[in-house]
Every structure is written in structure tokens, then in C-alpha cells.
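Here is a short tour of one protein model, written to be read with the structure open beside you.

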Amino acid sequence: MDDPAQLSEYGKILIILLIGALLVCATIFLARLISPKKNNPIKSGTYECGEDPIGSSWVQFNPRFYVIALVFLLFDVELIFIFPWATVFGQSEYIAADGRWGWFTMIEMAMFIGILILGLIFVWKKGDLEWVKPNVSLPKVPVAIPDSAYASLNSTTYQVRDYKGHAVEASIVEKRAEEVVATPKPAFKPRFKKPE
């Protein structure tokens, strides 16, 4: 690498980072330039998982979701430590150099996983992994209507009229015409005087 015109490996990484930053800035600038700017109350409102923000935000909530998320994160981070351990100490060169490396790493990882399992058992015994399940029950309304009345209504077969039939429409029009004719005229018609 005597030629100063050639880039080092760090120079290549710097160019990749600069191009990435330039592309991000260009897309943000284009979005600001091209996007429509029609503000309305719905667009300016707070978006929270599709729910309309109604009421005060100072409410008590059950933190069990966050506890379960943290326990999941703990066991997810555990994998970050297990994969490098398995790749480095799984190589036969280390074990061939000294056979105690294999036993040492196995005992070390067993202690690590054991501590995590003890933590999981502690959280489990404490009851933090149990989700609050809703109590499903049928609503009971105190009414004086007997159940037999509901049963007779539900067991009755009702005739469904043809909604496409012209005879039905004609009979409905005739009934409405009769209702219009049958309505009496008002007996009293108010008369108003203009104020002087």
C-alpha cells in the first residue's frame, strides 16, 4: 500500500458512512420538499396505536406487559453472550491446546445459564408472568319478563317478504296514500298580526 492514491480499509468505511448519511439527508429533504402540507386536527393529533387519545394520560395501568418485555429482553441478551462463546470455544484448536478449556467454558456457561434460570424461577414464583385474564360472564339484567317469552320469540318462524316484488311496493304505496287521505285537516289555523 505504498501508493497514496489508494484508500485504506478505514477510508472505505468512511466513504460508505458518508454516502449513507448523504442518502438519508437527501430522502428527508425530498420528503419535506414534495410532501403535501395540509394540516388538520386529525393529522396533528397524537397517534397511539390507532387509538384516539381520549381523557387524561394520568391513569393507572397494569405494568405486567413491561415486566414480561424486560424478561424477554433479558433472555434475548443471553443469546448475545452464548453465540460468541459457542463459536470461539467450539473450535478444536483451543481444546487441542489444553483440554481444560472445554471444561472451563462449559462450567462457565452452565453458571451463566443457571443464574438466568434462577431469575426466571424467581419471577415465575412471584407471579409476574401470569397475565390478568378477563372474567367472561353473561350479563344479567333484572327484568320481570319470563324466559318462556324469549324462548317463544326465538322459536317462532317468521315469514320473510320478497323485497323485489312489485306487488309489495304497490300495496305499501296504497297504504301510504290511504294514510295521507285519512289524516284530518287541522281544526284551528292560527292568524298572526303584523306588529305596528
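## The overall picture

Keep in mind from the start that this is a predicted model. The protein holds 7 helices and 0 strands, and its pattern along the sequence reads α-α-α-α-α-α-α.

Of the 196 residues in the protein, 5% are buried. The accessible surface amounts to about 19,500 Å², and carbon and sulfur atoms contribute 67% of that surface. If you count the contacts in the protein with a separation of 6 or more, 56% of them join residues 24 or more positions apart.

## Helix α1, out in the open

Helix α1 covers residues 9–34, 26 residues in total. From its first C-alpha to its last it reaches 38 Å, close to the 38 Å expected at 1.5 Å a residue. The number of buried residues among those 26 is 1, so α1 lies largely in the open.

## How α3 and α5 meet

Next, find helix α3 (residues 64–89) and helix α5 (residues 100–126).

Which residues make the contact? On the α3 side they are V71, L74, F75, E78, F81, I82, W85 and F89. The α5 side supplies W101, T105, M106, M109, F112, I113, L116, L120 and V123. Sorted by class, the contact has 15 nonpolar, 1 polar and 1 charged residues.

## A closer look at α3

In general, an α-helix has 3.6 residues a turn, so residues three or four places apart point the same way.

Start with F75, which is found in helix α3. Is F75 buried or partly exposed? With a relative accessible area of 24%, F75 is partly exposed, since the buried class stops at under 20%. Setting aside its neighbours within four places in sequence, F75 is in contact with L116 and L120. F75 and L116 sit 41 residues apart in sequence, while their C-alpha atoms are 7.7 Å apart in space.

Then move across to V123, which lies in helix α5. V123 counts as buried, at 17% relative accessibility. Beyond its neighbours within four places in sequence, V123 is in contact with V71, D128 and L129. V123 and V71 are 52 residues apart in sequence and 8.6 Å apart in space, C-alpha to C-alpha.

Definitions and conventions. Residues numbered from 1 in each chain as written. Predicted model: local features only at pLDDT ≥ 70, side-chain atom pairs only at ≥ 80, totals over all residues. Heavy atoms only, no water. Axes fitted to C-alpha atoms, helices over the stretch in contact; angles between N-to-C directions. Helix = DSSP H or I, 4+ residues; strand = E, 2+ residues; numbered from the N terminus. Contact = heavy atoms within 4.5 Å. Nonpolar A, V, L, I, M, F, W, Y, C, P; charged D, E, K, R; others polar. Buried < 20%, exposed > 50% of the residue type's maximum accessible area, 1.4 Å probe, protein only. Areas by Shrake-Rupley, 256 points an atom, 1.4 Å probe, with all protein chains shown as cover. Expected span 1.5 Å × (residues − 1).
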